[in-house]
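Dear colleague,

Please find below the structure that I am handing over to you. My findings follow directly after it.

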Amino acid sequence: MIVLRILHGAGQGNQMFMYATAYALARKTNQKIFICVETDYKRAKERPYVLDKFTLDQNYIKKVVRMDKIKSIFLYKWIRKMWGLFFKLLPNNYTVIEKDGESRYLKQFPLTYKNYILNGCFECSSYFDEYKEELFHQFQFHFLVDEKTEQIFHEIRTTNSVALHIRLGDFLSEGRSFNSNYYIEKIKEMKEKSPDCVFYVACQDEKVIEKLKEYAPIRIINTKGTYKDMLDWNCLRLCKRHILTNSTYSWWAAYLSERFAILLPPKDLYLNCQKSEDEQTYTNFFAWTEEKNEI
């Protein structure tokens, strides 16, 4: 069995990395995935569990335990303690832990264990690249999209569209956010290569948006509804070109896009923002993809 721990406060991009890694391991070992959502009820309002909104392969999912549904903080803490005991009692277990500041790519897992506990974000496509096509089909929505949003999707598909996600929030306080000069530089570079391109930007900072509008036609991605964040993400995914940042949210949009044309951040800038000590980062996949595709 593969126990996948959806870590406390993990956003959509991190959850997708976690599942993709678990799925690849499940395929290689012919085992099923036991998903435990460890986010507490309060934090789940900010960063909800979203994997249930995708068409995941149920043949490989044994069970999903939703701790994010527990409203009592005392009951939540008690169950987390019980989880710790459960992990200790698992025979032949193999725990993979990834902490901040360490390499995002630890190693390929040995395939000889009966039980695995995946406890990390695994932000490197080397874990699951061979199953990319299967993941593409699994990371499709199984909920209905309203007509107005479908019109936005159609517009993006039929436009010389460029995706750009500007990650702010906690990245600002942690010093991990790119400054506006990076976005301006990449916008100029993209316009030189493709003068008629239109930039679809996911960002909540109006000052940043206004600054970017001085350099290119900007259309703000702003869908409506219960699944707004996921719909905004799909808008990015449908774009023909992508400016990659240090956001797992936008990384998955580029990775699962149907047409590749990627502009990468400088390695020094990316590694500094991600606090990684290893060159094996989640940009590796695009390092060779960019060379194979003309913009």
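**A charge over a ring**

The charged end of Lys 132 lies over the ring of Tyr 255, at 5.1 Å from the ring centre. Please note that this is a predicted model, and that every value in this message was computed from it.

**Overall picture and confidence**

The protein has 295 residues, and 54% of them count as buried. Its secondary structure consists of 12 helices and 10 strands. Among the contacts with a separation of 6 or more, 72% are between residues 24 or more positions apart.

The average pLDDT of the protein is 81, and 80% of the residues score at least 70. Confidence is highest in helix H4, at a mean of 96, and lowest in helix H6 (residues 170–174), at a mean of 51. Residues 99–103 have a pLDDT below 50. Beyond near neighbours in sequence, this stretch makes seven contacts in the model, and I would ask you to read those contacts together with that score.

**Aromatic pairs**

The structure contains 22 aromatic pairs. One of them joins Tyr 19 and Phe 139 in an edge-to-face arrangement, with 6.0 Å from centre to centre and 75 degrees between the planes. This pair links distant parts of the chain, as its members are 120 residues apart. Tyr 19 belongs to helix H1 (residues 12–29), whereas Phe 139 is in the loop between helix H4 (132–138) and helix H5 (147–157). Tyr 19 counts as buried because its relative accessibility is 0%, under the cut-off of 20%. Phe 139, at 1% relative accessibility, therefore counts as buried by that rule too.

**Helix H7**

Helix H7 covers residues 180–193, which makes 14 residues. The buried residues of H7 are Ser 180, Tyr 182, Tyr 183, Ile 184, Lys 186, Ile 187 and Met 190.

**Cysteines**

How many disulfides does the model hold? With sulfur atoms required to lie within 2.5 Å of each other, the count is zero. A disulfide is a covalent bond between the sulfur atoms of two cysteines. Cys 197 is buried because its relative accessible area is 1%. Cys 121 has a relative accessibility of 19% and so counts as buried as well, given the cut-off of under 20%.

With kind regards

Note on methods. Residues are numbered from 1 along each chain as its sequence is written. This is a predicted model: local features need pLDDT of at least 70, side-chain atom pairs count only at pLDDT 80 or more; totals for chains, interfaces and linings use all residues. Side-chain values use heavy atoms; hydrogens and water are left out. Helices (H or I, at least four residues) and strands (E, at least two) are DSSP runs, numbered from the N terminus. The expected span of a helix is 1.5 Å times one less than its number of residues. Buried means under 20% relative accessible area, exposed over 50%, partly exposed in between (1.4 Å probe, protein chains only). Rings of Phe, Tyr and Trp (its six-membered ring) pair if their centres lie within 6.5 Å; planes under 30 degrees apart count as stacked, over 60 as edge-to-face and the rest as tilted. A charge sits over a ring if NZ of Lys or CZ of Arg is within 6 Å of the ring centre and within 35 degrees of the ring normal. pLDDT is the predictor's confidence in each residue, from 0 to 100. Contact means heavy atoms within 4.5 Å.
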